[in-house]
Amino acid sequence: MSAAAKSDARGPAFKAVGEVLEGYLAESGLGESLARLGAMDDWAGTVGARVSDVTRPAEVRGDTLVVEVLSSAWLTELSMMKGMILERLNSGRADAPIGDIRFRLAEKVE
């Protein structure tokens, strides 16, 4: 136990907010979910400018990244490349990997 968390005769132990938050996130499973959200930030760097211009990561549901795609042609193309994209996206993401990518047709990609 850290010196800051030790209790004495004056009252209960105090912990740093970061330490309490880290424990809560680990116990609740939210830490892994938050880590997976990072895949949305990594999307453009993973797939490159050409693909990121016609796609938009929309959300993470469980371990699935949902990506909106501008056209059905791109949706088909990206579906065939899913394995390679997942491998790239998960490199360095051992603690909270993305298990699947679901592509869906978007009305408009921003």
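**Note on the sheet, its helices and the core**

1. The strands form an open sheet of three, in the order E1-E2-E3 and with mixed pairing. The edge positions belong to strand E1 (55-61) and to E3, each of which pairs on one side only, and from one strand to the next the twist averages 25 degrees. The model is a predicted one, and the points below should be read with that in mind.

2. The antiparallel part of the sheet is the pairing of E1 with strand E2 (residues 64-69), which extends over six bridges.

3. How many residues of E2 are buried? Six of the six are, so E2 is largely enclosed by the rest of the structure. Both of its faces are covered, with Thr 64, Val 66 and Glu 68 buried on one side and Leu 65, Val 67 and Val 69 buried on the other.

4. Helix H4 (residues 72-80) lies across E1, E2 and E3, and runs at about 165 degrees to E3. H5 also packs on the sheet, where it touches E2 and E3, and its direction makes about 125 degrees with that of E3.

5. Helix H5 (residues 82-90) has buried residues at Ile 85, Leu 86 and Leu 89. These cover an arc of only 100 degrees around the axis, which means that they lie on the same side of H5. The face turned away from this buried side carries Gly 83 and Glu 87, both of which are exposed.

6. The largest nonpolar core has 15 residues, of which Trp 43, Leu 65, Ile 85, Ile 101 and Phe 103 touch the most other members. At least two residues of this core come from each of helix H2 (30-47), E2, H5 and E3. More generally, nonpolar side chains in soluble globular proteins tend to be buried together.

7. The segment after H5 deserves a separate look. H5 is followed by Gly 92, which has a positive phi, near 85 degrees, and Arg 93 is found in the loop between H5 and strand E3 (100-105). Is Arg 93 buried or exposed? Its relative accessible area is 8%, below the 20% limit used for burial, so Arg 93 counts as buried. A polar atom of the Arg 93 side chain lies 3.3 Å from the backbone oxygen of Leu 89. When residues up to four places away in sequence are not counted, Arg 93 touches Ala 35, Gly 38, Ala 39, Asp 42 and Ile 98.

Methods: Residues are numbered from 1 along each chain as its sequence is written. This is a predicted model: local features need pLDDT of at least 70, side-chain atom pairs count only at pLDDT 80 or more; totals for chains, interfaces and linings use all residues. Side-chain values use heavy atoms; hydrogens and water are left out. Buried means under 20% relative accessible area, exposed over 50%, partly exposed in between (1.4 Å probe, protein chains only). Helices (H or I, at least four residues) and strands (E, at least two) are DSSP runs, numbered from the N terminus. The arc is that of the directions from the helix axis to the C-beta atoms. A polar contact is a pair of N or O atoms within 3.5 Å; within protein, one must be able to donate a hydrogen and the other to accept it, and residues adjacent in sequence count only if both atoms are side-chain atoms. Contact means heavy atoms within 4.5 Å. Two strands pair if DSSP finds at least two bridges between them. Axes are lines fitted to C-alpha atoms, for helices over the stretch in contact, and angles run from 0 to 180 degrees between N-to-C directions. A nonpolar core is a set of buried Ala, Val, Leu, Ile, Met, Phe, Trp, Tyr and Cys residues joined through side-chain atoms within 4.5 Å.
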